[in-house]
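Visitor: Please take me closely through a single part of this model, giving the cut-offs behind each term as you go.

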Amino acid sequence: DDPPSAVMFRILLVVALAAFASRAEAFGGPASSAFAVRNVRSSTSPSMLFGTAPTASNTDVVEVTFGTKTVKANAGDALSDVAKKAGVRIRYDCREGKCGICAVKVNGREMRTCKTKVPKKGPVNVVVP
């Protein structure tokens, strides 16, 4: 009998290989080659399965200003997370963009903080009521 951790590892490996196969098919590659279990440990890395993680070199850094507080954030970050990082308190209720409690003005336009992402180009000026 294998210990539970070994069984879990095998299950995760099968799921990862299935994800790799579907990704290979989506980009025109044959799915069968993705299941060929030849030296899986040395040839399969997380970046092959899920893409590369954002790094400072491939992410736009934008300055976001909340009144007198300015912080740097990555383009695409949730504005609610950036506000929290800046120490700015914003009220929330539904967190789905329906109620409007978290509405702020981003560069003069009213936006719902819970659903807004940091734009690619700055500067970004946020006015919290």
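Guide: Before turning to that part, one term for rings: those of Phe, Tyr and Trp (its six-membered ring) are paired if their centres lie within 6.5 Å, and such a pair is stacked with planes under 30 degrees apart, edge-to-face over 60, and tilted for the rest. By this rule, the count of aromatic pairs is zero. The model is predicted, with local features needing pLDDT of at least 70 and side-chain atom pairs counted only at pLDDT 80 or more, while totals for chains, interfaces and linings use all residues. Residues are numbered from 1 along each chain as its sequence is written, and side-chain values use heavy atoms, leaving out hydrogens and water.

The protein chain has five helices and five strands, which are DSSP runs numbered from the N terminus (H or I of at least four residues for helices, E of at least two for strands), and along the sequence they follow the pattern α-α-α-α-β-β-α-β-β-β.

The part to look at is the largest nonpolar core, which has 18 residues; a core of this kind is a set of buried Ala, Val, Leu, Ile, Met, Phe, Trp, Tyr and Cys residues joined through side-chain atoms within 4.5 Å, where buried means under 20% relative accessible area, exposed over 50% and partly exposed in between, with a 1.4 Å probe and protein chains only. Two or more residues are given to this core by each of strand 1 (61-66), strand 2 (69-74), helix 5 (79-86), strand 3 (103-106) and strand 5, and the largest share, four residues, comes from helix 5.

Leu-79 is among the residues with the most contacts inside the core, as are Val-64, Phe-66, Val-82, Val-118 and Val-126. Taking contact as heavy atoms within 4.5 Å, and leaving aside neighbours within four places in sequence, Leu-79 touches residues including Val-64, Phe-66, Val-104, Val-106, Val-118 and Val-126, and also Thr-116.

Thr-116 belongs to the loop between strand 4 (109-112) and strand 5 (124-127), and because its relative accessible area is 9%, this threonine counts as buried. Beyond its neighbours within four places in sequence, Thr-116 is in contact with Asp-77, Ala-78, Leu-79 and Met-111, while a polar atom of its side chain lies 2.6 Å from the backbone oxygen of Arg-112.

Technical notes
A polar contact is a pair of N or O atoms within 3.5 Å; within protein, one must be able to donate a hydrogen and the other to accept it, and residues adjacent in sequence count only if both atoms are side-chain atoms.
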